[in-house]
Amino acid sequence: MDILETRNLKKYYKTGDGIIVKALDGIDISIKKGEFLAITGTSGSGKTTLLHMLGGLDTPTSGSIYVDGKDISKMGKDELAIFRRRKIGFVFQNYNLLPLMNVYENIVLPVRLDGIRPDKIFVDKIINALGLTEKKYSMPCQLSGGQQQRVALARALAAKPSIILADEPTGNLDSRTSLDVLGLIKTCALQFSQTIAMITHNEEIAQMAGRIIRLEDGRIYGGGCTYDENK
């Protein structure tokens, strides 16, 4: 069963001097439920744009984006915000932690925004696995960059979302911690039937995924699946 799918997805920008930039130029992808997908490519290939499209953080110039059978490109702003919060966990390069909340509060914030009581046992398990137990009540400004990245990952996992979209989730971690973090992501994905789409420049990390999609100049050059127009 496909949980994420794009059909002829395009995202064009016009520069100040009128040049059209084709960030995504006809992307067809099918991602199955429970799959661990890595998205690779050179800088400017369209990786982050694609990830933002899959998560409903940006709108396409044309084409469709289906998440769990629903075309999110046609959703209104409020409907999309609720759908995104319940279905998708995000991990960004710049962490996006709230500076006035401690580690634990940042981790459980998406759950509380949805009016749900956090699963404290599960959250503590994540915190412990990511080596954050002693930092549980620390403020973001008291953490290193690597520690903030781990908090961002814990926050994405805490709500047990169907889909995790990660932009270089191990970019600020050392090699050993990176492998530990990827191991935790894969374990959680298996336990809760989560789907992972991850951007990475690290070929070793990419090889841990079940499938690798390679983008260049807004187009797929390996690993993508073309949708069936008859289904």
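Q: Let us start with α4 and α5. In which hand does α4 pass α5, right-handed or left-handed?
A: The crossing of α5 by α4 is right-handed. A crossing is right-handed if the near helix is turned clockwise from the far one by less than a right angle, and left-handed if anticlockwise. Helices (H or I, at least four residues) and strands (E, at least two) are DSSP runs, numbered from the N terminus.

Q: Where does this model come from, and how are residues numbered?
A: It is a predicted model, in which local features need pLDDT of at least 70 and side-chain atom pairs count only at pLDDT 80 or more, while totals for chains, interfaces and linings use all residues. Residues are numbered from 1 along each chain as its sequence is written, and side-chain values use heavy atoms, with hydrogens and water left out.

Q: Back to the two helices. What angle do α4 and α5 make?
A: Helix α4 (residues 120–129) packs against helix α5 (residues 145–158) at about 150°, and their axes are 10 Å apart. Axes are lines fitted to C-alpha atoms, for helices over the stretch in contact, and angles run from 0 to 180 degrees between N-to-C directions.

Q: Why are α4 and α5 called roughly antiparallel?
A: Angles over 145 degrees count as roughly antiparallel, under 35 as roughly parallel, 65 to 115 as roughly perpendicular and the rest as oblique. The helices α4 and α5 are therefore roughly antiparallel to each other.

Q: Which residues make the contact?
A: Phe122, Val123 and Ile126 contribute from α4, and Ala154, Leu157 and Ala158 from α5. Contact means heavy atoms within 4.5 Å.

Q: New topic: the largest nonpolar core. Which members touch the most others?
A: This core has 39 residues, and Ile107, Leu130 and Met198 touch the most other members. A nonpolar core is a set of buried Ala, Val, Leu, Ile, Met, Phe, Trp, Tyr and Cys residues joined through side-chain atoms within 4.5 Å. Buried means under 20% relative accessible area, exposed over 50%, and partly exposed in between (1.4 Å probe, protein chains only).

Q: Which elements supply it?
A: Those giving two or more residues to this core are β3 (36–41), α3 (103–113), α4, α5, β7 (163–167), α6 (175–191), β8 (195–199) and α7 (203–206). Helix α5 gives the most, with seven residues.

Q: And what does Met198 touch?
A: Beyond its neighbours within four places in sequence, Met198 contacts Phe36, Leu37, Ala38, Ile39, Ala166, Pro169, Leu182 and Ile205.

Q: Leu37 is in that list. Is it buried or exposed?
A: Leu37, which lies in strand β3, is buried, with a relative accessible area of 0%. Not counting residues up to four places away in sequence, Leu37 touches Ile31, Ile196, Ala197, Met198, Ala209, Arg211 and Ile213.

Q: What about Lys32?
A: Lys32 is in strand β2 (residues 20–32) and counts as partly exposed, at 47% relative accessibility. Leaving aside neighbours within four places in sequence, Lys32 is in contact with Met1, Asp2, Ile3 and Thr195.

Q: Last topic: which phi value does Asp68 have?
A: Asp68 is not a glycine, yet its phi is positive, about 55°. Asp68 sits in the loop between β4 (62–67) and β5 (70–71) and is partly exposed, with a relative accessible area of 28%.

Q: And Glu168: buried or exposed?
A: Glu168 is buried, with a relative accessible area of 9%. Glu168 lies in the loop between β7 and α6, and its phi is near 50°, a positive value in a residue other than glycine.
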